[in-house]
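Subject: Structure handover

Hello,

Here is the structure I promised to pass on. Please open it beside this email and follow along.

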Amino acid sequence: MTISPELRHAALAATGFMPEAEGDALHEAALLAAQTCPRLPFVEIGSYCGRSTLWLGDAARRAGTVLFAVDHHRGSEENQEGWEWHDATLVDPDIGRMDTLPRFRRTVYDAGLEHVVIAVVGQSPIVSLHWSMQIGFLFIDGGHGVEPARLDYLGWTPHVASGGLLAIHDVFTDPADGGQAPHDEIYRPAIDSGLFEPISACGSLRILRRI
Ligand SMILES: C[S@@+](CC[C@H](N)C(=O)[O-])C[C@H]1O[C@@H](n2cnc3c(N)ncnc32)[C@H](O)[C@@H]1O
């Protein structure tokens with residue numbers, strides 16, 4: 001089962017960084033996780049303007065669960081002014097800081113997914129500290145620096161239920177292809193912990209199963 005044609009169109013038109021093939025792989029993995037962990041919620045770390053959120057929101061709707069979309073909406077380091085991935089249209093002129101929440105809300109609203117996608121606006125490590133629910137599907141695409149990636153691994157992966165899945169974006173084995181933090185601080189430690197096994201890959205997306 002793939003994302004509906006209307007939502008695919010919306011996802012591809014949304015501002016963001018999720019390539020189509022990886023979005024499809026994310027959607028497929030989330031539905032797979034829902035078979036093993038029925039009704040357990042999905043969690044996304046790093047929603048930005050809601051592009052990956054639409055693939056996951058569609059999967060959550062089909063699975064009869066919800067997606068908690070966690071982001072402080074102030075952008076990652078590489079989204080700030082002067083960096084490669086800065087988008088000046090996402091700056092709140094009154095405070096001079098990034099604010100992706102209005103664009104995110106509009107993306108989710110236009111897609112008709114407000115009943116499925118629950119925005120959690122805050123610092124990921126603080127939210128994870130207060131989180132107690134088991135998670136059926138966890139997607140980590142937040143801060144790509146060493147410390148944010150390490151904190152996302154430590155804070156969120158213990159909540160993935162047995163049989164649930166962990167998806168990690170921007171995992172590059174070769175430093176020439178991209179930053180190493182998602183690989184070194186999330187992907188590798190998850191496997192080395194003996195608690196997760198790799199089950200599939202698409203582009204820079206890696207899917208692991210919680211044993
Ligand atoms: C790479 S973007 C996510 C891209 C998105 N998944 C997509 O499909 O376009 C990373 C996002 O993580 C958020 N982020 C980075 N560090 C964070 C943190 N410590 N807590 C919450 N959100 C964070 C940023 O605000 C940014 O929106």
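Below is what was found in it, topic by topic.

**Ground rules**

This is a predicted model, where local features need pLDDT of at least 70, side-chain atom pairs count only at pLDDT 80 or more, and totals for chains, interfaces and linings use all residues. Residues are numbered from 1 along each chain as its sequence is written, and side-chain values use heavy atoms, with hydrogens and water left out.

A few terms come up throughout. Helices (H or I, at least four residues) and strands (E, at least two) are DSSP runs, numbered from the N terminus. Buried means under 20% relative accessible area, exposed means over 50%, and partly exposed lies in between (1.4 Å probe, protein chains only).

**Salt bridges**

Start with the charged pairs. Side chains of opposite charge can pair when their charged atoms come close. A salt bridge here is a side-chain nitrogen of Lys or Arg within 4 Å of a carboxyl oxygen of Asp or Glu. By this rule there are nine salt bridges.

Look at E20 and R8. Their side chains form a salt bridge, 2.8 Å from N to O. E20 sits in helix α2 (residues 20–36) and R8 in helix α1 (residues 5–13), so this pair ties together parts that are 12 residues apart in sequence. E20 is partly exposed, at 34% relative accessible area. R8 is buried, at 19%. R8 also belongs to a network of salt bridges with E20 and D24.

Stay on R8 for one more distance. R8 and A111 are 103 residues apart along the chain. Their C-alpha atoms are separated by 9.8 Å.

Next, go to helix α3 (residues 51–63). R62 and D58 meet there in a salt bridge, again described by side chains, with 2.8 Å from N to O. The two are four residues apart in the helix, so about one helical turn separates them. R62 is partly exposed, with 34% relative accessibility. D58 is buried, with 0%.

Then find helix α6 (residues 146–156). R150 forms a salt bridge with E147, and their closest N and O atoms are 3.1 Å apart. These two are three residues apart in α6, so they too are separated by about one helical turn. R150 is partly exposed at 32%. E147 is partly exposed at 42%.

**The ligand**

Now turn to the ligand. Which residues come nearest to the ligand? There are 20 residues around it, and F17, S52, D71, S124 and D141 come nearest. A residue counts as near if one of its heavy atoms lies within 4 Å of the molecule. Helices α3 and α5 (124–129) each supply at least two residues of this shell.

A polar backbone atom of F17 is 2.8 Å from an oxygen atom of the ligand. D71 uses a polar side-chain atom, 2.7 Å from a ligand oxygen. G75 has a backbone N or O atom 3.0 Å from an oxygen atom of the ligand.

How much of the ligand is covered? Taken alone, the ligand exposes 600 Å², and the protein buries 95% of that. Those areas come from the Shrake-Rupley method with a 1.4 Å probe; for residues, only the protein chains shown count as cover.

**Backbone and surface**

Most residues other than glycine have a negative phi, and most peptide bonds are trans. H73 has a positive phi, near 60°. H73 is found in the loop between β2 (67–71) and β3 (91–92). H73 is buried, with 1% relative accessible area.

D170 has a positive phi as well, near 65°. Its place is in the loop between β7 (160–168) and α7 (181–192). D170 counts as buried, at 19%.

Is L129 buried or exposed? L129 lies in helix α5 and is exposed, at 69% relative accessible area. L129 and G155 are 26 residues apart in sequence. Their C-alpha atoms are 6.5 Å apart in space.

Best wishes

How values were computed. Polar contact = N/O pair within 3.5 Å; in protein donor to acceptor, adjacent residues only side chain to side chain.
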